[in-house]
Amino acid sequence: MRGQTLRPYLLIMPSLAFLLLLFFVPLVQTVALAFSTTTGTGVGNFVQMLDDLDFRDSVRNTFGLVLCVVPLQLLAALGMSMMLRHVRWGRDIILWIWTIPLGISDLAAGLVWLAILTDKGYLNTILFEVGVISGPQSWLTYETPGALFLAILTAEFWRATAIVFVVLVAGVQLIPREYEEAASVFGATAWQRFRRVTLPLLRPSIQTALILRTVLAFEAFAVVLAVGGRNFPVLVSQAYLWQFTNQNYNVAACYAVLVTLVSLAATLVILIALRPRAGESA
Amino acid sequence: MIGSRRVLLISGVLMICAWTLVPIYLVALGGVGGASTIYAWPKPFWPASLSIGNFTAFLQIEGIWAAMLRSVEVAVLCMILSLLLGAPAGYALARFAFRGANLYRLMILMTRAFPVGILALPLAVSFVRLGIYDTVFGVALMHTALALPFAVLVTASLFVGIPRELEEAAWVFGCSGPGAFRRVVMPLAIPGIAATAIFAFVISWNEVFAASVLTVRNKTLTADLLTLLSEAPLQSQLAGGLLLILPSVLFIFFVRRYLFALWGVASR
Amino acid sequence: MADIRIESVTKYYGSQAALRGVSLDVHNGEFVALLGPSGCGKTTLLRAVAGLDRQTNGRIEIGGRDVSDLPPRSRGLAMVFQNYAVFPHLRVRDNIAFGLLMTGTAKDRIERQVARAAALMHIEALLDRYPVQLSGGQRQRVAVARALAVEPAVLLMDEPLSNLDALLRLEMRTELKAVLASARTTTLYVTHDQTEAMGLADRIAIMHEGRIEQIGSPLEIYRQPKSIFVGGFIGNPPMNFLRLPVSGSVVRLGTLILNPPAGINGPVMLGIRPEDLEVAETGAGFAFRVHVPEPLGPHILLTGDVEGQSMRVAVAPDRVMQPGDVVMLRPNTARLSWMNPDTGLALENS
């Protein structure tokens, strides 16, 4: 019987050791790297990061992207999961098509939209055919920041709405239909049923979806590079640049610390904003 | 009235399908069409000439083919490691009430609030020291850190879904502990475990940042494509992108039945 | 075949006691039902016998062999689970053969045993199906057949009928009794359904808060409850209890003079079953005020009060009763139970 009490610990031990080595240790190392300078410990690297010409832009771009794309994705995913409830046939195939982007790398998504939005791309072809433009036109340069932002937003929206959708559909499936039926028996309209019954019951799923998506959106990197190249710096692409091109691991670590702190803060905000109310079981 | 609503719903559903599929179709056009399609203006929306032979020959020249094989190796290794490390922990969470179980679960959930990929930065330094920088194994280790929490949570829910009574019945009717696991739990868990494995594969297959940071010469497909962005002609990029997308689409097809169960569980 | 000997078994979950010293002998070939409300420890006791949970203290013998430290597979028993636990990935045939396969039985013998068990439970036609293709009742039959196929020394059943609908449960109960009677397998059967226990068991052990409150034949338990708990638990509706004062070693109820066991001072509890009361047209009796009459077919169930204490009575179905009616009742004095209101235990009739 002694073995019985030891067994679960033996079973979790490998994964625990692995995460310790490849999650906690690098986490500590990141912080250590960020604070270690040639003259000892200090905030010199952070000063260097702040002096980086692209720092302000990367902060603005990152936050702009996250704050625009995540709410849009939540709205779209909510709409999609509500639509799905009324689909009578072909549910299986529709689900598959709608979730395909879930399996697509952010780099691939960036390339997809690059093909569409480049000078001689498909968007310009359509615009040309309908007579809006007279020839190839560039949208993805630093001269057209608005269009570039929209392009990256579109690519990110196209790729990553599926994950929000899947989490919400999984949540909707957990809500017994009787609640909505009860509401409609008591005279609630479709909108009232959604607003007063479904949405509150869906709060735990919305919370999870938002946390997952927001943390990933702060990490957005390849999609940005593919569509915008160097013209649209974000925090993680700056970290990559410092690490790889400038070979300055310390400043790269500073960016990593910043991204980590921002992600944690966002998670905390979402957790608090959507916490279960007192007396409500989560 | 009802009829018009129905029409509205159906057209909405179809529009979202098109929104998802048309971009993939267009990148496929660019990828398979070769240089002539890429520089055509205005662009044809239908393939002029389609040749897989050219496509693959071209991939080999660009070194994309080798990168893809490396990506497969990394993803398979990541899949195996995630399951080997994650499934036992999932079983422990599902079947044993032990001190620290909640703490462990919380820790696993907590990793979600961290941008784990970013940790490749300090790992690059450590990997150089350990001699696994720029290797398939090194990248696979990093990817396993990404996929492991997911594997733990999903397998835990899988094992919870297999009634304890079935295992007990096996014990009563003459099975030892491992025997019951092999004869009863495993056969029932296999489909879900396969789905988990596929997810681990896709997570690794799609990962860009860590793969780029941890490799220089032996690049995986995503890392290779990232460097091609500023160097290679557009058709190479699109061909690589297409190569990146195709397996994922197939995988999602195979695991679509598990998708919601997996994420429904992972969201608690 | 074997007997089961349970000796002062306790089971603690942390500081929570689930079994507080249970001793029980199940004789060879006997059918004993463990009956009690949920949380009384009956399932814990069964699982300790099966070896699925280890008892904290005490010992368990099967066929004279101490099995306390043996894993379930070495105890020579079979079990029918509450949710059947029919393996979903195996055909019915392989489910029934499972136990025999594990013990390395020869192939032709396995085939014979499977055929025999399937015939006993009337599921020959289902042998090549998978469990998903079966109804709840059919799965139940497979679970029983799987247990019978190994010809176990001891058969354990954990609320096997509780997931069936009422009609099916009645049918299975009758069938189970016939099959088990011919097999003469020592059986320990957990249930919270008293009709099931009364109908199936040779003896019933009533469990309450981790102890066996009373053990005896169904009729014994019904007629001579050893405590207020047993009287109130067994019978539908349960036994009525009236708290009455003793004066001069007799108890007065209406115009009745009843004799409690000798040597009692202070109040006593008088237990009377609803069907042991009849309407007294003439002679001595006590007044009962009807609150709610419920015509149930075989009898009318009256809920009402006697001197402010509530009581249920079953009377002949041909009477017309209205709320507010007052009738005179007379108990069958041979069927009275006397209890100590403080200890809740029966007073011995001397």
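This is a guided walk through a predicted model, starting with chain A and then moving through the strands and loops of chain C.

The model is predicted, and local features need pLDDT of at least 70, side-chain atom pairs count only at pLDDT 80 or more, while totals for chains, interfaces and linings use all residues. Residues are numbered from 1 along each chain as its sequence is written, chains are lettered from A and ligands numbered from 1 in the order in which they are written, and side-chain values use heavy atoms, with hydrogens and water left out.

Let us begin with chain A. Its secondary structure comes to 13 helices and two strands; here helices (H or I, at least four residues) and strands (E, at least two) are DSSP runs, numbered from the N terminus. The C-alpha trace of chain A spans about 80 × 70 × 35 Å along its principal axes. Of the 282 residues in chain A, 52% are buried, where buried means under 20% relative accessible area, exposed over 50%, and partly exposed in between (1.4 Å probe, protein chains only). Look also at which residues touch: among the contacts in chain A with a separation of 6 or more, 71% are between residues 24 or more positions apart. A contact means heavy atoms within 4.5 Å.

One loop residue of chain A is worth a stop. A:Gln247 sits in the loop between helix H12 (235-245) and helix H13 (249-273) of chain A. A:Gln247 has a positive phi of about 55 degrees, although it is not a glycine. Most residues other than glycine have a negative phi, and most peptide bonds are trans. With 53% relative accessibility, A:Gln247 counts as exposed.

Now turn to chain C and its sheets. Strands of a sheet pair through backbone hydrogen bonds, either parallel or antiparallel. In this model, two strands pair if DSSP finds at least two bridges between them. Four strands of chain C form an open sheet in the order S2-S1-S4-S5, with antiparallel pairing. Its edge strands are S2 (16-26) and S5 (65-66) of chain C, each of which pairs on one side only.

Follow strand S1 (residues 4-13) of chain C, and you will find eight bridges linking it to S2(C) in the antiparallel sense. Within that pairing, C:Val9 has C:Val22 as its bridge partner, and C:Tyr13 stands opposite C:Gln16. The hairpin of S1(C) and S2(C) has two residues between the strands, and in it C:Gly14 takes a positive phi near 65 degrees. S1(C) also pairs with S4(C), antiparallel again, over five bridges; there C:Arg5 stands opposite C:Glu61. Helix H1 (residues 42-50) of chain C lies across S1, S2 and strand S4 (57-62), running at about 115 degrees to S1(C). For that angle, axes are lines fitted to C-alpha atoms, for helices over the stretch in contact, and angles run from 0 to 180 degrees between N-to-C directions.

Next comes strand S3 (residues 31-35) of chain C. Five of its five residues are buried, so this strand is largely enclosed by the rest of the structure. In a regular strand the side chains alternate between the two faces of the sheet. On S3(C), one side carries C:Phe31, C:Ala33 and C:Leu35 and the other C:Val32 and C:Leu34, and all are buried. S3(C) runs parallel to strand S8 (residues 186-191) of chain C, joined by five bridges, and C:Leu35 stands opposite C:Thr191 there. Four bridges join S3(C) to strand S9 (residues 203-208) of chain C, also in parallel, with C:Leu34 opposite C:Ala205.

Zoom in on C:Val32, which counts as buried at 0% relative accessibility. Residues touching C:Val32, not counting those up to four places away in sequence, are C:Val26, C:Thr187, C:Leu188, C:Tyr189 and C:Arg203. C:Val32 and C:Ile204 are 172 residues apart in sequence, yet 5.6 Å apart in space, C-alpha to C-alpha.

A second open sheet in chain C has three strands in the order S11-S14-S20, with antiparallel pairing. Six bridges connect S11(C) with strand S14 (residues 267-272) of chain C, and C:Phe241 has C:Gly271 as its bridge partner.

Finally, visit one more loop. C:Pro237 lies between helix H8 (228-233) and S11 of chain C, and the peptide bond from C:Asn236 to C:Pro237 is cis, with omega near 0 degrees.
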